[in-house]
Amino acid sequence: MIKEVERVKSVDGSSKYLFNDGKSEKGNFEALYFYPGDENVSKSSICMSTQVGCGVGCAFCATGKLGLKRNLKSEEMLEAISKVLEDEKNDGENIRNLDSIALMGMGEPLHNYEEIKKFYHQASKVLPVRHISLSTSGVTDKIIELANDDTNYNLLFSLHSPYNEERNKLIPINKKYPLEGVIKACEYYYNKKQKDSLGLKIKASYLLLKDFNDSDEHAKQLTKLLNNDIFKVQILLYNENENLPFKRPSIERAKNFERILNENGLETKISISKGQDIAGACGQMAGRKNLQKDIEGR
Ligand code: SF4
């Protein structure tokens, strides 16, 4: 039985929840509810953690600094989502508009493979949701296993650089699973599963970091790497964190990057993260000081 420890509401209407399993000192994990009805989020969605902390250690991510504490059980994820929906309903939200659940908060979902498989089967039966998505940092062998399995996740993957050497610095498991292999695995997934059953392209998220991966050359290299028929790109603007060295690029820089991709036929959209004031935005879920202290101190 999990318990809600804290809920923080953003000025933009999204909420960040902190849960604990009620017995373990290392049992804190988070979920985000994104408020429906604006240009960035047309319907409500929930971003759910799959692990407490994360062992991947991405250089730009506050959660990665915590290390991996433990895997979450599928029942815990489902219970957390039910509590979020109940809470939001009490706030007057129409939860029938729940459009998607994304396994993409704290943790690498494919490092908790058996539980995310169970989660899919349970969630798809009991929740009013159109899509269940999963975002991976690029665990090649598990992407292939997922393609051959009996789940039907909408797949997203973190790209962040078209160059292996640079991606090694951002996402350390790139050394084990280099980019070319990840892209091939995603293409396999698309052809095996996503193309017919969901009719959706695979979303490659690209976190734009000022003076690191935001040059015209990066954009042009991306257009060589990604097949326009299979992938689309979601550009995210980095949310600065006082403990991390990266900077947020300007919106003009992001628009220029988007233009180069679009001009080359690669479907691209800039997403402005919600929940920035509550450290709920991309790569920041463990970023708000008191929550991070809670997690580290338990
Ligand atoms: S970005 Fe995702 S995979 Fe990388 S350290 Fe953070 S939680 Fe883990």
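Helices (H or I, at least four residues) and strands (E, at least two) are DSSP runs, numbered from the N terminus. This is a predicted model, in which local features need pLDDT of at least 70 and side-chain atom pairs count only at pLDDT 80 or more, while totals for chains, interfaces and linings use all residues. Residues are numbered from 1 along each chain as its sequence is written, and side-chain values use heavy atoms, with hydrogens and water left out.

After the helix comes Gly-92, with a positive phi near 95°.

Now step back to the whole chain. It has 8 helices and 12 strands, and 57% of its 298 residues count as buried. Taking contacts (heavy atoms within 4.5 Å) between residues at least 6 apart in sequence, 68% join residues at least 24 apart.

All 6 of the 6 residues in S8 (131-136) are buried, so the strand is largely enclosed by the rest of the structure. In a regular strand, side chains alternate between the two faces of the sheet. In S8, His-131, Ser-133 and Ser-135 are buried on one side, and Ile-132, Leu-134 and Thr-136 are buried on the other. Strand S7 (residues 98-103) pairs with S8 in the parallel sense over 4 bridges, where pairing takes at least two DSSP bridges. Ile-101 stands opposite Ile-132 of S8.

Next, the ligand. Around it sit Cys-54, Val-56, Gly-57, Cys-58, Phe-60, Cys-61, Gly-64, Gly-105 and Gly-107, each with a heavy atom within 4 Å of it.

His-160, between strand S9 (154-158) and helix H4 (164-170), has a positive phi of about 70° although it is not a glycine. His-160 counts as buried because its relative accessibility is 3%. Asp-211, in the loop between strand S10 (202-208) and helix H6 (216-225), also is not a glycine and has a positive phi, about 55°. Asp-211 is exposed, with a relative accessible area of 66%.

Methods. Buried means under 20% relative accessible area, exposed over 50%, partly exposed in between (1.4 Å probe, protein chains only).
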